[in-house]
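Here is a friendly note to go with the model you are about to open. Have the viewer ready and follow the points in order.

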Amino acid sequence: MSCSQPGLISLDVALADLLSRIQCLAEVEYCPLADAVGRVLAEPIEAGVDVPPADNSAMDGYAVRLADLQRGEALPVSQRIAAGAAPGPLEPGTAARIFTGAEIPAGADTVVMQEQTESVGDRVMFTASASAGQNIRRAGQDIQKGREVLAAGSRLTPVALGVLASVGIVEVAVYHPLRVAILSTGSELVQPGQLLAPGQIYNSNLYLLQGLIAELGMERVDLGAVVDTLPATEAALSRAAAEADFILTTGGVSVGEEDHVKAAIEKLGQLDLWKVNIKPGKPFAAGRVGDTPLCALPGNPGSALITFALLALPCLRKAQGEQVSEPVSFPVSAGFSRSRTQSRDEYLRVECDAEGVVRPYNNQSSGMLASLLYSNGLARVPAGTLVEEGQALRFYPLTSLLR
Ligand code: AMP
Ligand code: MG
């Protein structure tokens, strides 16, 4: 049911094309595990040990041979094994006092929790039936020695750091943070902190991109704002290409006489793509300045963020050496209806409630950035689709789009 405008490229085709042109641009370096959160692994990591390294007790209790319980008699306690101690073999016909996390002594095949025992002098009596292997955590049940724990291109989360520590890793090969030049075009832009003269607005996109790049753990090369002339735009793009691995611009990429980004790219490098069949975000462009890849986001702040999330971010991740996967999305139900269709695939700023019902923010103008502050995701309405209440839509949580 596609009724796309001529000359517009679908999001999927645009993204696949952009990604096919991008390769990893970052150098490999070594980083202590403790400092590696958010970094991207440059080499796969294989487990050098089992986790846990040996069978151990899941309970405070007694380690026994199941066969010794069959007679129903109290057993003498032959040793005490705390976590961290190396046990001796279990003497036949005895029980070993054992604590959670302590290694199972050779010969024991069962742990009985202490709540199912009674002390009788220096012996212990078992008050419930037991089964072989109960309450024993087997060596390697979490991770087996030799297994690939993480592939190259994985982003290191706090959980990943914990798992790598569990296999004894102290240092990791990661990619140096990508250097990303950020540039806003627009003669109307002023930095916060200055007074607004008539006709001026504060430069919000610069701060938006600074935050997004910082959250990705990339290095930003701040090039500030550039006025709307071709020479100024060219000079700023040349500087960006000289100082960074990747360039992000906002504004100046539409069809007006004051839009110079496209012409500057064509002069200094190559334009690979312009105009995508999405709303908001149609004027998005991409290409390179010299050899440096560039994503040119529209100036409207709502469009800038949405095209960043859907198009620029996967490119940045790939250039950083990260494996790019589809953002997590799930089906939700429309809590609204619409009698008009759109000719582009629309990404509505919506709030998804706990029942999986989405409602659009009341103003969907591409110039609105606050609409994204008060939404928790985007709902996709395919081109040409009428929305009826209760209709299934796909929802992209902002947290998954931007991480
Ligand atoms: P443009 O894509 O340059 O035509 O800009 C479209 C709209 O977005 C205009 O209303 C601009 O004033 C606004 N805009 C462009 N750049 C920024 C920016 N850095 N911060 C806030 N608004 C902007
Ligand atoms: Mg402009």
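The points below cover the domains, a helix, the cores, the ligand and two further residues.

1. Ground rules. This is a predicted model, so to speak: local features need pLDDT of at least 70, side-chain atom pairs count only at pLDDT 80 or more, and totals for chains, interfaces and linings use all residues. Residues are numbered from 1 along each chain as its sequence is written, chains are lettered from A and ligands numbered from 1 in the order in which they are written, and side-chain values use heavy atoms, with hydrogens and water left out.

2. Domains. The assignment gives domain 1 (11–25 + 177–319), domain 2 (29–50 + 151–175), domain 3 (56–137) and domain 4 (330–401); such bounds come from an automatic or database domain assignment. Between domain 1 and domain 4, the C-alpha centres are 25 Å apart. Their contact (heavy atoms within 4.5 Å) takes 17 residues from domain 1 and 14 residues from domain 4.

3. Helix α4. Please look at residues 204–215: these 12 residues form α4, which spans 17 Å from first C-alpha to last, close to the 16 Å expected at 1.5 Å a residue. That expected span is 1.5 Å times one less than the number of residues. Helices (H or I, at least four residues) and strands (E, at least two) are DSSP runs, numbered from the N terminus. At the start of α4, a side-chain oxygen of Asn 203 comes to within 3.5 Å of the backbone nitrogen of Asn 205. Just after the helix, Gly 217 has a positive phi of about 75°.

4. Buried means under 20% relative accessible area, exposed over 50%, and partly exposed in between (1.4 Å probe, protein chains only).

5. The nonpolar cores. A nonpolar core is a set of buried Ala, Val, Leu, Ile, Met, Phe, Trp, Tyr and Cys residues joined through side-chain atoms within 4.5 Å. The largest has 44 residues, and Ile 213, Phe 246 and Phe 308 are among those that touch the most other members. Helix α7 gives the most to this core, with 12 residues. Domain 1 and domain 4 both contribute residues, so the core lies between them. Beyond four places in sequence, the contacts of Phe 308 include Leu 209, Ile 213, Leu 248 and Leu 402. Apart from this core lies another of 19 residues, among them Ala 181 and Val 253.

6. Ligand 1. Which residues come nearest to it? Of the 16 around ligand 1, they are Glu 188, Asn 203, Ser 204, Gly 252 and Gly 299. A ligand oxygen is 2.6 Å from an N or O atom in the side chain of Glu 188, and one is 2.9 Å from a backbone N or O atom of Gly 252.

7. Met 113 sits in strand β7 (residues 110–113) and is partly exposed at 21% relative accessibility. Beyond four places in sequence, Met 113 contacts Met 59, Asp 60, Gly 61 and Asn 135. Thr 117, in strand β8 (residues 117–120), is buried at 13%. A polar side-chain atom of Thr 117 lies 2.7 Å from the backbone oxygen of Gln 114.

How values were computed. Polar contact = N/O pair within 3.5 Å; in protein donor to acceptor, adjacent residues only side chain to side chain. Near = heavy atom within 4 Å.
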